[in-house]
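Please load the model, and we will go from stop to stop together.

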Amino acid sequence: MIYLQLLWSFFQIGLFSIGGGYAAMPLIQQQVVELNPWLTMGEFTDVVTISQMTPGPIAINAATFVGIRVAGFPGSLVATLGCVLPSCIVVLLLACLYTRYRKLTLLQGALSGLRPAVVALIASAGLSILFLAFFGRDALPAGIDGVDFLAVGLFVLALIVLRAWKVNPIWVMVGTGAAGVVLYSLPGVT
């Protein structure tokens, strides 16, 4: 039964994650944290972090990690298959339709209408992760109580390095990870 639940959950994620891996994050969160409490919000954030650090698409990596956490190696295969299968079917159908009808105004309008929704999905996922990193929860608290100022500082530093100096994101992740190991191991830092 758990294999069917994994397959169906990640099939839905794969089917509706228009816009790529970041746009899938709210869908994955809803499926694995809220609807099927397979992970806590903290574990979900860890999965997102690991999925971003490993090669490959984020949604597929997340499916693999969640599947292995819930049902071992067979679960990872089923969840990954569930995530990939709708994309294969939809891309094949869309490629056939797009080559035939690409000049239609209706199709161009639909594609233009989807763009803002994709941006909203990505922004929603980013804000959830940002609040969790800064406050330890996925919603903005009323005050600044519980703010992890070290996390805020690392975020600001990483953002500056990425935007101002255009440093490779891999090096920024390695650098902030190393800084986090050093700084969070200091006495008195939480």
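Helices here are DSSP runs of at least four residues, numbered from the N terminus. Keep in mind, too, that this is a predicted model.

**Stop 1: a loop**

With that numbering in hand, select lysine 166, which sits in the loop between helix 6 and helix 7. Is lysine 166 buried or exposed? Its relative accessible area is 61%, and exposed means over 50%, so lysine 166 counts as exposed. Look at the backbone here as well: the phi of lysine 166 is near 55°, a positive value in a residue other than glycine. For background, most residues other than glycine have a negative phi. Lysine 166 and glycine 136 are 30 residues apart along the chain, and their C-alpha atoms are separated by 29 Å.

**Stop 2: a patch on the surface**

Two elements give two or more residues each to the patch: helix 6 (149-164) and helix 7 (169-184). Which of the elements gives the largest share? That is helix 6, with 4 residues. For one example, click on isoleucine 160, which has its place in helix 6. With a relative accessible area of 41%, isoleucine 160 is partly exposed.

**Stop 3**

Time to look inside. In soluble globular proteins, nonpolar side chains tend to be buried together. The largest nonpolar core of this model has 24 residues, and Leu6, Phe10, Met25, Ile28, Val32, Phe44 and Val66 have the most contacts inside it. Colour the elements that give this core two or more residues: helix 1 (2-16), helix 2 (21-35), helix 3 (41-53), helix 4 (58-101) and helix 5 (105-135). Helix 4 provides the largest share, 8 residues. Then zoom in on valine 32. Beyond residues up to four places away in sequence, valine 32 touches Phe10, Pro37, Trp38, Leu39, Phe44 and Val66.

**Stop 3: a serine in helix 4**

Now pick serine 76, which lies in helix 4. Its relative accessibility is 4%, so serine 76 counts as buried.

**Stop 4: a charged pair**

For the last stop, select arginine 69 and glutamate 43. Side chains of opposite charge can pair when their charged atoms come close. The structure holds 1 salt bridge, and here the side chains of arginine 69 and glutamate 43 meet in a salt bridge at 2.6 Å, N to O. The pair links distant parts of the chain, with arginine 69 in helix 4 and glutamate 43 in helix 3, 26 residues apart. Arginine 69 counts as partly exposed at 47% relative accessibility, and glutamate 43 counts as partly exposed at 25%.

Terms used:
Residues numbered from 1 in each chain as written. Predicted model: local features only at pLDDT ≥ 70, side-chain atom pairs only at ≥ 80, totals over all residues. Heavy atoms only, no water. Buried < 20%, exposed > 50% of the residue type's maximum accessible area, 1.4 Å probe, protein only. Core = buried A, V, L, I, M, F, W, Y, C linked by side-chain atoms within 4.5 Å. Contact = heavy atoms within 4.5 Å. Salt bridge = Lys/Arg side-chain N within 4 Å of Asp/Glu carboxyl O.
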